[in-house]
Amino acid sequence: MSLLERVAHPDQTKAWYGEIPIQNRYTAGIAGERFFREIKDHGRFWGIRCPHCDLIYVPPRLYCERCFAQLEEWVEVPTTGRVHTFTVVHIDLDGNPLPEPRIVAFIQLDGTDGGLVHDLGEVDPEDVCIGMCVEAVFKDPAERRGSITDIRYFRPVG
Amino acid sequence: MARNRVAIVGAGMTKFVRRAQETAKELAWEAASKALESCEMTLDDIDAVVIGTAPEAFDGVHMKSEYLSDGCGGWGKPVIRGYVGGGTGVFAPIQGWYHVASGLFDTVLVVCEEKMSSCQPHPQGAFLTIFDHTTERPLGPNLLWIFALEMNAYMTRYGLSKRDIALVSVKNKRNAADHPAALLGDPNITVEDVLNSEVLAWPVQRLDVSPVTDGAVAVVMAAEHVARRVTNKPVWVEGVGWCLDTAYWTNRDLSYPTYVEEAARMAYKMAGITEPRKQIHIAEPYDPFDYKELHHLEGLLLFDKGKAPEATALGITQRDGDLPVCPSGGLLGVGNPIAAAGLMKVAELFWQLRGEAGARQVPGQPKRGVAQAWGDLMQVGTVIVLGV
Amino acid sequence: MKERVYDTVYLSEKDFETGRVLYETWVPNARYAWDAGIAIGRYLAELKAGRLVGVHCPSCGRILVPPRMFCQDCFVPTDGFVPLQDTGTVVTFSICNVRWDMVRLEHPLIPAVIAIDGASPGMGILHLLGEVDPQAVRVGMRVRAVWKPPEEREGAITDIRYFKPLE
């Protein structure tokens, strides 16, 4: 019935405004705590290996999702990798144009079965290709706080 | 209608803590791996996964069950998520039950998880959405109002005092002192402690209510032919029931939980129970507030309306009484991670009926128990009857 | 059964404050515009005019408030708005000392479920009580709405400031 009723004047439609007033606080977790501390304190990446499935997870995790084993074999992994896929973003969350296009990529880290989503920098969008070799560029130690943003971006190697 | 017999064959859980370092996924895995370990099964033995977890707003994650699924053993498997607020803890094993009873799957891993501590400044902010956005929220409500209003309606209807109700908090917190995962166990708590605690929203005082908690629980369910191979003491699902009342809560009679009675009747009918007071040996009703244990015991038809407080005062609901209620320590004693709390009660019945509850063991070799959970806008009743 | 419980790592607030554990924060920025709808749209318009209304169900004959397009018991459309009085009876109440984030209030709020005269028995709405000593409130007390002056009303449940005892 209501779908067929016409509204003669915009004043007749009424909406009530409100919000959900919360913020979220996410712990890094047992595995995440170590991963991000290594980035913060030493500027290096660690992964974790599942011996049954012969996989190296990055970011590392407490358990293997495939066989459910508790994982304990931490391994240092390279800060270099290949662009597995990428996109060039032109608008922000509200649909307004960005001052400069932003290149976001999934970078598979060398020798691992995982990788990280991050920005690409020091490169023009036209020059990015899938398979490109890139390396992580870290912020200065004093600026790092144990977050994914302690990595400034990945840039082409060489 | 053809239905297979289904049993719970394993159970595991995390500690219930005020704020866990583990991410929600890690909490889920901790409980799930303990459950599998308890019956020596691996992920390969599991055909399907049921996840129970409450509003996205608590963990601040969109599509929480997809996020949790790998920690619940769901990688590459059929996964379903159910959510009926606090009722989820008993609804999830009901879903697990019909996965197997239908014949579609032989084994199901049921995992319930909640990480409320990530919701700042207080999870109540997310709970505010329980009130109608237009006709109620502008009045500046908080979640305690609903329970305080219901508690007052119950107390006024039957002429109960705060003392009558505080006995439940004392019983459960003392029981919980024997639960290895408990957050709030206290072997020395007294009625005076409860009556002297801070008045939050009268008649609700601080020790009448179970606080924000993080935790996860998991159980493994199996069809009869698998259950008998895996364990020599399967705990059978004998009856299930669930019912949802109107969201227009101000139009309801708040002194009685009709939705629990409807769910209980459905479960008792399926279990062939005609005299619940004789045929049920342990009850684990949902107790996020002390008055709710009483309210729900009456809805479960285990005591006459208004009579549960008297039974409590007489010691009937103590662990060594005629009808032990919340031998686990309940939510008041163990903690209240919304979706996981009800499954904690189901796990308790599992351990009690197998004689594995340690210091909490109810004497006399109980054979049948009922667990009940409740949630949403005081709307849903979910009931499960287990037996050996 | 102890071995069935995982040794979960618990933290204190201090662990966050001192940076002993790493964490991220996020503000979801969830804002909403909820359509008032047919039934509540009219309810709000009537509140602006200083009146409470309910609806009638042609099947069970009940007068329902807050108004709704269909009776949820009979599952048929309701067939008309019915003016109600602005007096009622307290069905249950609470005396609340804390805000939703558990900060203590300076003055307690008295939320109540009030069965409105003119609606079917038991038809309550949530509102606040005012101009009354919290200790004097009783279930069964008769109350009357205290309205904001017409120029301050905006078509909201808060056009009624609170309900006070009928004397």
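1. What radius of gyration does chain C have, and what would a compact globule of 167 residues have? Chain C has 22 Å, whereas such a globule would be near 15 Å. The radius is taken over C-alpha atoms, and the globule rule is 2.2 Å times the number of residues to the power 0.38. The C-alpha trace of chain C spans about 60 × 40 × 40 Å along its principal axes.

2. A word on the model and its numbering. This is a predicted model: local features need pLDDT of at least 70, side-chain atom pairs count only at pLDDT 80 or more, and totals for chains, interfaces and linings use all residues. Residues are numbered from 1 along each chain as its sequence is written, while chains are lettered from A and ligands numbered from 1 in the order in which they are written.

3. Confidence. The mean pLDDT of chain C is 93, and 100% of its residues reach 70 or more. (pLDDT is the predictor's confidence in each residue, from 0 to 100.) For the complex, the predictor gives an ipTM of 0.89 and a pTM of 0.92.

4. Make-up of chain C. Chain C has two helices and 14 strands. (Helices are DSSP runs of H or I of at least four residues, strands are E runs of at least two, and both are numbered from the N terminus.) Buried residues make up 36% of its 167 residues. (Buried means 20 or more other C-beta atoms within 10 Å of the residue's own, exposed means 12 or fewer, and partly exposed lies in between; C-beta atoms are placed from the backbone.)

5. Chain B. Chain B has 15 helices and twelve strands. Its radius of gyration is 19 Å, close to the 21 Å that the globule rule gives for 388 residues, so chain B is as compact as a globular protein of that length. Buried residues make up 68% of the 388 residues in chain B.

6. Core. The largest nonpolar core has 218 residues. (Such a core is a set of buried Ala, Val, Leu, Ile, Met, Phe, Trp, Tyr and Cys residues joined through C-beta atoms within 7 Å.) Helix 15 of chain B, residues 338–353, gives the most to this core, with twelve residues. Ile384(B) is among the residues with the most contacts inside the core.

7. Helix 12 of chain B. Ten of the ten residues of this helix (290–299) are buried, so it is largely enclosed by the rest of the structure. Among them are the charged residues Asp290(B), Lys292(B), Glu293(B) and Glu298(B). Just after the helix, Leu301(B) takes a positive phi of about 65°.

8. The side of chain C that touches chain B. 43 residues of chain C are in contact with 52 residues of chain B. (Contact means C-beta atoms, placed from the backbone, within 7 Å.) Strand 12 of chain C gives the most to this side, with five residues. By class, the side has 29 nonpolar, nine polar and five charged residues. (Ala, Val, Leu, Ile, Met, Phe, Trp, Tyr, Cys and Pro count as nonpolar, Asp, Glu, Lys and Arg as charged, and the others, Gly among them, as polar.)

9. Two bridges join strand 6 of chain B to strand 10 of chain C, and the two run antiparallel. Here Ala201(B) stands opposite Cys96(C). An open sheet of three strands has the order 5(B)-2(A)-2(C), with antiparallel pairing. (Strands pair if DSSP finds at least two bridges between them.) Strand 5 of chain B and strand 2 of chain C stand at the edges, each with a single partner strand, so one side of each is left without a neighbour in the sheet.

Terms used. Two residues are in contact if their C-beta atoms, placed from the backbone, lie within 7 Å.
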